[in-house]
Amino acid sequence: MKTIDLRSDTVTLPNQGMLEAMQTAELGDDVIDIDPTVQKLQDRVAENLGKEAAIFMPSGTMTNQIGIRIHCQPGDEILCEDGCHIYNYEQAGFAQLSGLVARPIQGKNFQLSLSDLQGKIRADNEHMARTRLLCLENTHNRGGGSILALEAIKEMTEWAKTNGLATHLDGARLYNAVVATGIAADQWAGPFDTVSVCFSKGLGAPIGSALAGSQEAIALARRYRKLFGGAMRQAGVIASAALFGLENNVDRLEADHQNAKILADSIAQVEGLVLDPEHVETNIVIFRVDLANITAADFVEALESKGVRMLAFSPQHVRAVTHLGVSTEETGAAARIIANVAALM
Ligand SMILES: Cc1ncc(COP(=O)(O)O)c(C=O)c1O
């Protein structure tokens, strides 16, 4: 039986249509001047997110780190939610690459609201780091793919702007929020100065992310992309896959969300497994292993031996992510295997 790989939505392989798009893409040197396919993707992303410009980069980590860099100077401080990707899973790149400090703030279920932020801007004097940027994440990876409400986002970004802070959205899975809510991408992106989106997650491309913002912000991002080693030459080869994903794989995210619900509903019935958070909104399912003397790593190892792959996300938490490489039938099979494995432990 085929292994059912639910470790991440980044494990997808390009299908025939995507490979053909890659083979036939018009190419140029995007470092000397432009690659026409990269340019087409950038224009499409900028339009889709309602921003003046966008720039293609190899990874979500790079778009986040450059998104941060263009708003800050060494010694500045960024505000972010305690469980976010930028703070936890990017090697504190903001410190290593840009000389910044982060102030992580605990939200409720990994979600910040205005009251969490109030009072967190440091006084403007020579003793203090300068609080400069607010970063939010939508959908939230560690929060189990949860969606931060647009109203809450508007309140926080308006507060940030009123207080002289720039704003950046880690929208690695923004299109999951778009499909789950029916709220268009430009509405989600509108409140932020810069927005990062990934093509290599739910959209199924092998590589690539984009950062969108004002002309000025993206011109500066282009400088930093060169500095950080992310300028790529005939990058249309991969930008074409990203374009294909954007054109063909957004609406189908709904199927991933339905599969995640199938998985979650089944896990909720299994004794010794607890959904965390309780409700699944998009394509990520996180559950706590509450079986005597069994860690998440033990549980994941037992699943692997039965042909289902997931990630141990903390000592007791397991993460499963649905994606275009896993059908509804396979999701059902994975759910049955989870229940069987738990019953035996
Ligand atoms: C929310 C979020 N932001 C950023 C990233 C980084 O993306 P990449 O792996 O392309 O660097 C990820 C990757 O999983 C993510 O989940």
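Modeller: Helix H2, residues 36-49, has 14 residues and reaches 20 Å from its first C-alpha to its last, close to the 20 Å expected at 1.5 Å a residue. The expected span is 1.5 Å times one less than the number of residues in the helix, and the labels follow DSSP runs numbered from the N terminus, where helices are H or I runs of at least four residues and strands are E runs of at least two. This is a predicted model, in which local features need pLDDT of at least 70 and side-chain atom pairs count only at pLDDT 80 or more, while totals for chains, interfaces and linings use all residues. Residues are numbered from 1 along each chain as its sequence is written.

The buried residues of H2 are Thr 37, Val 38, Leu 41, Gln 42, Val 45, Ala 46, Asn 48 and Leu 49. A residue is called buried if 20 or more other C-beta atoms lie within 10 Å of its own, exposed if 12 or fewer do, and partly exposed in between, with C-beta atoms placed from the backbone. An α-helix has 3.6 residues a turn, so residues three or four places apart point the same way. The buried residues of H2 pack against strand S2 (53-57), helix H9 (185-189), strand S7 (194-198), strand S8 (209-213) and H11.

Among the buried residues of H11 are Ile 238, Ala 242, Leu 243 and Phe 244, and the buried set packs against helix H1 (16-23), H2 and S2.

From here the view widens to the core. A nonpolar core is a set of buried Ala, Val, Leu, Ile, Met, Phe, Trp, Tyr and Cys residues joined through C-beta atoms within 7 Å. The largest one has 71 residues, of which Ala 54, Cys 135, Ala 210, Leu 211, Ala 212 and Ala 242 touch the most other members. Helix H11 (residues 236-248) supplies the largest share of this core, seven residues. A second, separate core of 29 residues includes Ile 267, Met 310, Val 318 and Ala 335. In soluble globular proteins, nonpolar side chains tend to be buried together.

Leu 211 gives an example of the contacts in detail, where two residues are in contact if their C-beta atoms, placed from the backbone, lie within 7 Å. Leaving aside neighbours within four places in sequence, the contacts of Leu 211 include Ala 54, Ile 55, Met 57, Thr 194 and Ile 218.

As for the chain as a whole, its domain assignment gives domain 1 (16-248) and domain 2 (252-344), with bounds that come from an automatic or database domain assignment. The centres of the two domains, taken over C-alpha atoms, are separated by 28 Å, and the contact between domain 1 and domain 2 takes 15 residues from each. On the side of domain 1 that touches domain 2, the residues divide into four nonpolar, 10 polar and one charged. In this count Ala, Val, Leu, Ile, Met, Phe, Trp, Tyr, Cys and Pro are nonpolar, Asp, Glu, Lys and Arg are charged, and the others, Gly among them, are polar.

The ligand is surrounded by residues that include Ser 59, Asn 64, His 85, Glu 137, Asp 170, Cys 198 and Ser 209, where a residue is near a molecule or strand if its C-beta atom, placed from the backbone, lies within 6 Å of it. The largest share of this shell, three residues, comes from helix H3 (residues 60-69), and the residues of the shell divide into two nonpolar, eight polar and two charged.

Finally, two peptide bonds in loops deserve attention. The bond from Asn 138 to Thr 139 is cis, with omega near 0°, and Thr 139 is found in the loop between strand S5 (130-137) and helix H7 (150-162). The bond from Asp 276 to Pro 277 is cis as well, with omega near 5°, and Pro 277 sits in the loop between strand S9 (273-275) and strand S10 (284-289).
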